[in-house]
Amino acid sequence: QVQLVESGGGLVQAGASLRLSCTASGRPFSSFAAGWFRQAPGKEREFVASINWSAHVADSVKGRFTISRDNAKNTVSLQMNNLRPEDTAVYYCAAGAAKAHMYPHDYDYWGQGTQVTVSS
């Protein structure tokens, strides 16, 4: 069993940066693929970024968001720069099998989510 806890969300103005962190307990995070998803009110959960042997980001955040992992700290982070109002959502961290990538059903474990709100 793996427990995931996200942190780092908040309310910022457009153009600002935030860094989300996801800390795992129960098993080493390094044994999983990790992903970030987001869900805005009334919308489906959407892929943001994932990392296994390599890092991937959605086209909508490419050039602004970066995913990274620190195996020593058992964390995965999402650096978000130049935030836009359309980035407003609850952001979820997930862990899954090594081949997990951009689909929510690839992932077995989820955090509780952290709210990111970007004002214009």
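What percentage of the 120 residues in the protein chain is buried? Buried residues make up 43% of the chain, where buried means under 20% relative accessible area, exposed means over 50%, and partly exposed lies in between (1.4 Å probe, protein chains only).

The structure is a predicted model, in which local features need pLDDT of at least 70 and side-chain atom pairs count only at pLDDT 80 or more, whereas totals for chains, interfaces and linings use all residues. Residues are numbered from 1 along each chain as its sequence is written, and side-chain values use heavy atoms, with hydrogens and water left out.

**Figure 1. Overview of the protein chain.** Helices (H or I, at least four residues) and strands (E, at least two) are DSSP runs, numbered from the N terminus. The C-alpha trace spans about 40 × 25 × 25 Å along its principal axes. Of the contacts with a separation of 6 or more, 59% join residues 24 or more positions apart, a contact being heavy atoms within 4.5 Å.

**Figure 2. Asn74 in the loop between strand 7 and strand 8.** This loop joins strand 7 (65-70) to strand 8 (75-80). Asn74 counts as buried because its relative accessibility is 16%. Its side chain reaches the backbone nitrogen of Phe29 at 2.6 Å. This is a polar contact, defined as a pair of N or O atoms within 3.5 Å; within protein, one must be able to donate a hydrogen and the other to accept it, and residues adjacent in sequence count only if both atoms are side-chain atoms. Leaving aside neighbours within four places in sequence, Asn74 is in contact with several residues, including Cys22, Arg27, Pro28 and Phe29. Although Asn74 is not a glycine, its phi is positive, at about 60°.

**Figure 3. Asn82 in the loop between strand 8 and strand 9.** Strand 9 comprises residues 89-96, and Asn82 is found in the loop between strand 8 and this strand. At 41% relative accessibility, Asn82 counts as partly exposed. Its phi is near 50°, a positive value in a residue other than glycine.

**Figure 4. Arg64 in the loop between strand 6 and strand 7.** Arg64 is found in the loop between strand 6 (55-57) and strand 7. The residue counts as buried because its relative accessibility is 6%. A polar atom of the Arg64 side chain lies 3.1 Å from the backbone oxygen of Ser60. Not counting residues up to four places away in sequence, Arg64 touches Gln79, Met80, Asn81, Asn82, Leu83, Arg84 and Asp87.

**Figure 5. Val118 in strand 11.** Strand 11 covers residues 114-119 and includes Val118. With a relative accessibility of 6%, Val118 counts as buried. The C-alpha atoms of Val118 and Gly10 are separated by 8.4 Å, while the two residues are 108 residues apart along the chain. Among the residues that Val118 touches, not counting those up to four places away in sequence, are Val12, Gln13 and Ala14, together with Leu83, Arg84 and Asp87.
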